[in-house]
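Work through these exercises with the structure open beside you. Try each task before you read its solution.

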There are 2 protein chains.
Amino acid sequence: MSILVVGSVALDHIQSPYGKLLNSLGGSATFFALSASYFTKVRVVAVVGDDFTDEHEAVFRKHGIDTAGIEHTTGKTFHWSGKYGENPNDCEMLDLQMNVFEKFQPKIPPGYRDSEYVFLGNINPQLQSEVRNQMRGAKFVGLDTHPFWIGTTPKELTAAIHDIDVMIINDGEARQFAKDHNLLRSANKILALGPKALVIKHGEYGATIFFQNGAFNFGNHPFRAPALPLDEVRDPTGAGDAFAGGFLGYIASQGTLTADVLKRAMFYGGVMGGFAVERFGVERLLSLTWEEIEARFQLFREMTHLG
Amino acid sequence: MSILVVGSVALDHIQSPYGKLLNSLGGSATFFALSASYFTKVRVVAVVGDDFTDEHEAVFRKHGIDTAGIEHTTGKTFHWSGKYGENPNDCEMLDLQMNVFEKFQPKIPPGYRDSEYVFLGNINPQLQSEVRNQMRGAKFVGLDTHPFWIGTTPKELTAAIHDIDVMIINDGEARQFAKDHNLLRSANKILALGPKALVIKHGEYGATIFFQNGAFNFGNHPFRAPALPLDEVRDPTGAGDAFAGGFLGYIASQGTLTADVLKRAMFYGGVMGGFAVERFGVERLLSLTWEEIEARFQLFREMTHLG
């Protein structure tokens, strides 16, 4: 089934001890779409400027991604520039230019309205709510956010997650949003705000999904997926969106929301997030084969399952 | 099969936001022995002072732990005092009195020499090497250490781990010892020093075991065990030793070193480490039932295994 993603498409500058990349295709919708494209059809709603070329758009189309919802407008595309340290958790933001993204008003093309799966990428939570309200027929809605929105628009974010299926954030964001250093208490506080499930990503330690009681008939316990220990994290940019793409892309590809589908989705999320950081920008997400994805999935199983 | 532990027996003062405990039975050998006692017979080599009473020793005996190797000498027992913050990773050491432990020279009673499983708890690495050399017939030797020894006696520690089976340390210790922020590279550097396997504990995120190529016929990948998300960590003291007790205690109870035994040992390590932090001091480790341990083990399986 098709999945609709709303988020940013960006042209980024990225530096890390492993190299440098200028005007590299990035943004939450890009990483999500490329990752999810290995599992299902993806439809993108975003906005870009004059500097977004046919070559950029061809990257999406080559992966079968529907770009009819990418609005072209006058001005420059959203731009982020960051520098990672030896420790990839250390990131210095060098520049942020909202450009055409500043006035982004997501427009859902009529042909996208029947999307049963929706991912609300990291944008203003008011816009996330608006999109969610336009997609009332959706079967499963995921949402990501950013420390900026948690810090500046917590009420709007609380409204945006009220009736979604899954919120997908990282440890720091969960603690910041719940105002609690303890992750389990943070998870319970966030679930009490409405989302049926909450995925908390722990970076190199994997990710955990927590559920509201009874949600998806999952059982009364969380589920944890691993991450592959890597000896080189070349570029962490987009890892969270690649995770979300694997997670939601797999769910959309299955069409049913059983506990086992959700567990496997967590594994595929970890698999895709791990691939994303192995090379710069979207590079690794462009060249994957299904055999590589399945091999990594099997490795995750061997890394976690008793005999 | 019996397992021999060499380490500290202490009388600790512990504070956390959940309460306070004075002169509480503690130390690496104590936490290890109590934890391992649920799996196998344990023999303790340690030293205590005049303030270590019959009641203290009775705690060990009640769990079937052999205390013949606990040397009683004149003076006061090793004492540690610490205060944990709201975040249990924040710990302020208030006092440390080596007392009789300062001149500890581990003496292995003749009746202990046939121990096939050995755990070298956190003591001076030179003493760990001496014990290791006295136990040449051992089938499986584990070793823990502490940032103090990594910082002050790295050469002696390197010698001590040269021909052991498994080193068991935490993230921070692995990075400190390997001088590398990346955990996988740190693991590979440490394995290159000799130990056949390395367990790195990630606290609330579980633990990972890494292997030298071909060791224990494990296969060429690490294995990760979860930790149970807890909404209250009352007292983290001894969690690492309780993990080691579950890990090595289970291995000793099985008698064979298959990959599946090592995987299950990782789960039991996580189970016992998690129990330890739920109450103050050794309290939780005194009152466990086998049913509780097995239930937690099953929960770990449900938390990590695909359907």
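**Exercise 1.** How many salt bridges does the rule find across the interface of chain A and chain B?

*Solution.* Start with what you are looking at: this is a predicted model. Next, apply the cut-off: a side-chain nitrogen of Lys or Arg must lie within 4 Å of a carboxyl oxygen of Asp or Glu. Across the interface of chain A and chain B, the rule finds two salt bridges. One of them pairs Glu204(A) with Arg175(B). Their closest N and O atoms are 3.1 Å apart.

**Exercise 2.** Find which elements of chain A give two or more residues to the side that touches chain B.

*Solution.* Begin with the polar contacts. Between chain A and chain B, 24 residue pairs are in polar contact, both residues being at pLDDT 80 or more. Now list the elements of chain A. The helices are H6 (171-178), H7 (183-191), H9 (259-278) and H11 (290-304). Strand S13 (223-225) of chain A is also on the list. H11(A) gives the most to this side, with six residues.

**Exercise 3.** Work out how much area chain A and chain B bury between them.

*Solution.* First, count the residues. The contact takes 39 residues from chain A and 39 residues from chain B. Then take the area: about 3,400 Å² is buried between the two chains. Of that area, 55% is on carbon and sulfur atoms. Last, find the top contributors in chain A. Tyr205(A), Arg224(A) and Leu306(A) lose the most area to chain B. Together they make up 24% of what that side buries.

**Exercise 4.** Determine how chain A and chain B are related.

*Solution.* Superpose the copies. A rotation of 180° with 0.0 Å of shift along its axis places chain A on chain B, with an RMSD of 0.0 Å. The two copies are therefore related as by a two-fold rotation axis. Now compare the surfaces. In chain A, 100% of the interface residues are also interface residues in chain B, so the copies meet through the same surface.

**Exercise 5.** Trace the open sheet of four strands in chain A and identify the strands at its edges.

*Solution.* Read off the order: S3-S2-S6-S7 (chain A), with mixed pairing. Strand S3 (19-26) and strand S7 (91-97) of chain A stand at the edges. Each has a single partner strand, so one side of each is left without a neighbour in the sheet. From one strand to the next, the twist averages 15°. Now look at one pair. Strand S2 (residues 10-16) of chain A runs antiparallel to S3(A), and six bridges join them. Asp12(A) has Ser24(A) as its bridge partner in S3(A).

Technical notes. Residues numbered from 1 in each chain as written. Chains lettered and ligands numbered in written order. Predicted model: local features only at pLDDT ≥ 70, side-chain atom pairs only at ≥ 80, totals over all residues. Heavy atoms only, no water. Least-squares fit on C-alpha atoms with pLDDT ≥ 70 in both. Contact = heavy atoms within 4.5 Å. Pairing = 2+ DSSP bridges. Axes fitted to C-alpha atoms, helices over the stretch in contact; angles between N-to-C directions. Buried area = accessible area lost by both parts, 1.4 Å probe. Polar contact = N/O pair within 3.5 Å; in protein donor to acceptor, adjacent residues only side chain to side chain.
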